[in-house]
Every structure is written in C-alpha cells, then in structure tokens.
Number of protein chains: 2
Amino acid sequence: MKSWEKIEGHLGTVAGFSGAAVAAGIKKIDGALDLALIFSEAEETTAAGVFTSNRVAAAPVTLSRQNLKSSRGRARAVVVNSGNANACTGAAGRKTAVATARAAAKLLGVRPDLVLIASTGVIGVPLKVERITNQLPALKARLSSENASDVSRAIMTTDTFPKTCALRTTIAGKTVNLAGVAKGAGMIHPRMATMLSFVATDAGVAPAQLARFLRAAVEVSFNRISVDGDTSTNDTVLLLSSGASGARVAWGTKEGAHFLAGLTELCQSLAKMVARDGEGAHKLVTVEVSGARTESDAERIARAIANSPLVKTAIAGADPNWGRILCAAGYSGAKFDPARVDIRVNDLYLCRRGLDARFDEAAAKRELERKELTLRVDLHQGKSEVRMWTCDLTHDYITINASYRT
Amino acid sequence: MKSWEKIEGHLGTVAGFSGAAVAAGIKKIDGALDLALIFSEAEETTAAGVFTSNRVAAAPVTLSRQNLKSSRGRARAVVVNSGNANACTGAAGRKTAVATARAAAKLLGVRPDLVLIASTGVIGVPLKVERITNQLPALKARLSSENASDVSRAIMTTDTFPKTCALRTTIAGKTVNLAGVAKGAGMIHPRMATMLSFVATDAGVAPAQLARFLRAAVEVSFNRISVDGDTSTNDTVLLLSSGASGARVAWGTKEGAHFLAGLTELCQSLAKMVARDGEGAHKLVTVEVSGARTESDAERIARAIANSPLVKTAIAGADPNWGRILCAAGYSGAKFDPARVDIRVNDLYLCRRGLDARFDEAAAKRELERKELTLRVDLHQGKSEVRMWTCDLTHDYITINASYRT
C-alpha cells in the first residue's frame, strides 16, 4: 500500500462530499461566515461521532448522539453554526436543534435522523431557529465540492486561522481520500472529543467499525491536547464515510491498519493546529513523556504538565523553570522516582536525574523562544511513552477571555 | 465558654512562644527578611503537620515529616526560609535541611528531631547551608515574643501583604490563644496542605489529638482554596501547642469542639488571605455550592469552578458569563441535573433552573466588580454544601509567572 500523502485539499476533495457556508448573522460581525453544511451524496454513507463528556451537553450534542443511534451509524448531512453554542438553553434550545435537523432533512430529501448538528459560540443565549432555517435554501443552492472549502472558516470563533487537512492514498488500486476541518481556541481540553472537527472519507467503512476507528484516532489526537483545562459543553468530532472510492476498509485487516494510520495522522494534524491556535497562544508545545512504567502513568504526567498554568506561563516567558515541570509531574498522581527524571527542552538538558543540569541559560532561552518546542521528560523507569500538545499561556489569553461574552 | 474573639496579635502573643527573623541574603533583594525562627519554651510542646501530597516533596518536607514521626508529635522550634525552596536539590538539599535542624537544635539545646524545617522559593537551585547556619546565632539572639511578629514578613515570596491572624477565648477559666501566619501567592492548590502556614496555641493538646484537630481544620480551609491549580513541592502547615495556658483540650469533648471551631476560623481566615493575595489577583471569590446530593459532589463542583481559568478570567473582566460556571460544574465529574441549577453572583440571579435569568447586565457587572464576591451555585437536588475560596485570573498572574526564575 502507498503511504498517505498530504495533499492540497478539503472536505470537497473527498469523493461524494460537497459543502457550503453562508453568513447567517449569528456572529456579531457583519458578513462573517457562521453557518455551514456538509453533504454526502451516497445513500450508504456511514457516520460516527465522539462527543463531550460534560454533563452539561448542548442541545446539538444531545440530538446528534440520538440521531446516530436512531440511524444506526448513518448520516447524510452536517449542519453547523458558530457564534452561538445553543448550550444551557433548555427546551427552546432543544427545539431549535430539532427544527434545524428537520428543515435541512426536508430540503435535502433525507430522513431527519440522517442530519447531524453542531454549534459553537456563546453559552446560555437563545439561538433563533429562523436565523438558520431562513438560510438553509441558500446553503443548499451553494452546495458544491469547491464551496466545501468555506466550511473551515464558517466554524471559527476566536480561532486565528482556519484548520484543514487532507490526505490521499491508494487502497486495493483505488484512490482513497481523507479530509477534515477543525475549530478550537478556548475551552480546549483533552479527555474527550475536544472542540469541533468534521472528517470525511471516501473509503467504505461499516458503521460499528467506523466508530471504532474514530475512537482510536481521537484517543491519541484530540484527547491529547490542552489549552486551558476547561472542557466545553459542545465538543464534537464527526467522521463520515461515503464509500465513493470503491475501496472498503475493515478493522483488523492490513487495509484497516493503513486507514487508521491515515485517520490518526489527519486527526493529529488538526489537533496540533488547534493547540497552536489556543487562545492567546504564541507557541506549539509538544509534551513527550517517556520511560514510564505504564501508559496511564505517562499520560497522567503529560496531562499535568500540559495543563499547568505555571509551566505554560514559564514557556510564554522563555524561562527554563524545569522545577515546575517536575513539580507538575509530582502532583499528577503517577508513581515515579523523581531522582531518576531527565528533563529536556528540545535536545537541551535542563534537569538530569532530578537535579539541575547546569545548562547554559542563554541556550535554554533560545530553545524556549522557538515557535515550536518539545518538553521531553524521561522517567527512566519503564518503556511507556505518551505525547501531548499544548500551548503557552500569555497575556492575550486573559485579554480574550476577560470579556468574551460582552 | 466564651466565643473566640479576634485580637491584634501574632505568634508571640501565644503564651510560651517567641520568634525572630533576619535577612540572610537568600532572597535576591538586599536586606529582605528571609529566615525566621519560631521557638516554644515549654518542653512538653506538641506538634502536628499537614504536608504536600506532591510526589516531588522538597527536602524540608521530608525531614519535618520524619522528625514529627521520630519525636512522636513533639517539636520545640521551626526554622523557615524564603527565597529558595530547597526542592529538586537531591542529596545536597537533604544535607542542608538536616544540617539546619542540627545546628538550630544545638544552639537551642534541644534534640534535632524537635526542630521542624520549611522552605519556599525557587525550585532546583542549591540552597547554601551556611546562608542559614551563619545567621542562626543572630536569630537566637533576637528571639522574643515581640519579634515573633516579623515571621509573617520573612516567609513572603510574591505575597503582597503579610498574613497573620490571632484569636482568643477562655477555656476552663484560662485565657487560651491561637495565632498563625501564612504565605501563599502562586502554586496554591487545594487537595493538600497548600503553601506555608505556622499556627501556635497555648492550649494543651496531646500529639495524636493535635494531628486530628489540624487535619479537620485544614480540610475545610487550606484545602479549599485555589489560585492556579498547581500544587507545590513544599506545602506545609504546622501547629504547635505549648500548653502554657494551663487549659487542656481533648478531641470529642465540649472544649475540643470549641477549640476546633477556633482553629478552623483561624485557618479559614489565613486561607482566605492567601486566596485574596493569589498572584495577580484583584478579587477574593467565594464559591458556594449548595443543594448537592453529597458533600463530595458539592466539593467536586466547587473545585472545578474555583480552578477554571475561563471562570476566573471572566471574573477578572467582570463578565457575567454564567455558562462557564455551569460548564465547569458539568465536567467536574459530579452527578446533577443542569436543568435544576440556579447561579447567583452575590444575591443576583444569573441563571435560574439552568437557563438565563434575564438579569440586568449593568447590575451584574457591578456585583462582579466588587473586591469580594460570592458565586452561589444551588443544585436543588440535595442538602450538602461546600465553600471554597479562589481569586480572579489576571494579566498580572502572567507577568509574575512568565519570568519568576530569572
């Protein structure tokens, strides 16, 4: 099998998919794209989702979960809006989500449970359903593979750049595409779906297997990033598979492993874009914990470091304060001997065997000033390792979040 | 029994205790107090400690734990320095702590295991023992009840004000005093001892009972504050009881309950000062969660809200973004029905039964602009309640922590 190759492309590049976006006036900014539609022509399209584990789940999350269940893992369309999360909006919010799915289904000539919904934006403010339904005909009229490239912009909130990734390979002689979009910025937390992401493939995958592939890929990508430790009410990752490539893929086969590798690469690329674009972030930080006794220990430590405000402000200030890194590892709950720990920024040792490595301050500062850097923590007590992605914590995070609502 | 009365006083006000502080040159600022001694005259002085649960515990923590065990809950002196945490300093750090205790013990004519040690400051930098031992004679020479008032300043790092509290009551006809100091600022996290605090009483309490009283008081005070969710390597709370008042107090008696009430009040006062003085903080925020099914549920929710950077930046910006509060409750892990939740800032409803309370924006802003405010979350599904204290998250937090080390 040919390895996956990164291509210039977007959701519309994937055979069978089209998309469109319009400005529906949900965002406060005039003319800003804030409503998007993703459509799959193939009747046999399968779908899977990973959603927030937050007990306060927004109406679109509840409805999409329910629709995926009722359709037994099938979907034809995704309607997504930005500017209003339709969260903490009670029965009225639920009605808006249901009416949106119904109106889109009618227009597209599919069953209502084949339409999935996602929203992002301010919490607790009613979302007027007409804002969406009035624009659905225009959205449908604009549907095309080219216009699918607009979706990445329409789902942005405080994101500073649109996030798209597309990969291509050959499976059983057929060209297979994978493409996805994501939006992130604030409220990014691991341990769950994390933000919004929509991924499409023209490989053919049965519903239960699609769900399995998605969970496996999300676990090591979107669940491994952290911006501020907060977890949204709306986190949603959806994967749709049109089968239009003619290639079928099954879990547990060689093709399945190849597909999972591509899906993981795609999800990690998008997840890293989300971390890099964390609110106020200036740096993409990879936290690499190795030499742990168990993967769970490695993950606890990586997560504690990636979530530590003290570590993240030190990185913002290019201060090689490795004590904070070791300290975060210490309160992570993982078991380890601090006296065996090495800590590096990129390849420069800050700490060896739990002690100051007598590093060159200027050199350390230079490493920490890079736009992309890796904190490497080697516990030297086992073989498990885990990688997470996060960003620095800067003044801009405070500025953005001190008055987001108003 | 007379209720506890707040008095102008300090550690030296408590019968049997003296103290002193000097500038030992451990802090970078010339002439800044950075080394303190607390001494108890009474041979029968008992002692108890609550320490960090961080796996990376600093040398002074390890040694003090060990000394309390070896002495079976007795102590005569506490030596504390600021400016250097003596954490992540390996065998050399251990030596420094041991040598400090030994030198102080010799000078004061007590057994080395009756000296407790605490340090706070930068991590991973060797602490030169001579800095401390050279100053011990001067410290001893300055020992007096008046000079004990200097201790609160000597333990400060990024604290903006010294933290002292003193209470007085009468038990069995005897005047009983309780006094304490604390230092906090960054790295304040609940779920453990939290920062440094030293408390003295002239009530007489047996060692095992003293430990029980201290744990009970710390649980609802220092363990209920949060500045940034990070947990230090050095957190230490020590309680010394001289018995010099002549009044004895036992767990499970009426006097014991009275003593615990005073100790809890003292610890909560100090804990609130620590929260108010969180790095960069402008506001003291009380998080009050009521109507929970269990205390553990209430605590999870209060902790999630108190730790949420999004909630805390919203408070900094006086933005009544109650959705973030409900969202934090949602990911806390506690079970509750979001549709029954009320959220108030002080007495103003922001959210009723999970929905926007249609509050007056200007009024909400006014409430959030107060220097002290309470976020009240009523779950309406049980009778348990918990209170925590935190602060807002501001630009100054970033400024302070982006270059703390350098």
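**Legends for the A–B interface**

**View 1. The copies meet through the same surface, because 100% of the interface residues of chain A are also interface residues in chain B.** This is a predicted model, in which local features need pLDDT of at least 70 and side-chain atom pairs count only at pLDDT 80 or more, while totals for chains, interfaces and linings use all residues. Residues are numbered from 1 along each chain as its sequence is written, chains are lettered from A, and side-chain values use heavy atoms, without hydrogens and water. Here 52 residues of chain A are in contact with 53 residues of chain B (contact means heavy atoms within 4.5 Å).

**View 2. About 4,400 Å² is buried between chain A and chain B.** Buried area is the accessible area (1.4 Å probe) that two parts lose on being put together, summed over both. Carbon and sulfur atoms account for 60% of it.

View 3. Look next at helix H10 (322–330) of chain A: with six residues, H10(A) gives the largest share of the side of chain A that touches chain B. Helices (H or I, at least four residues) are DSSP runs, numbered from the N terminus.

**View 4. A rotation of 180° with 0.0 Å of shift along its axis superposes chain A on chain B (RMSD 0.0 Å).** That is the relation of a two-fold axis. Within chain A, His395(A) has the C-alpha nearest the axis, 2.8 Å from it. Superposition is by least squares on the C-alpha atoms of residues with pLDDT of at least 70 in both copies.

Technical notes:
Helix = DSSP H or I, 4+ residues; strand = E, 2+ residues; numbered from the N terminus.
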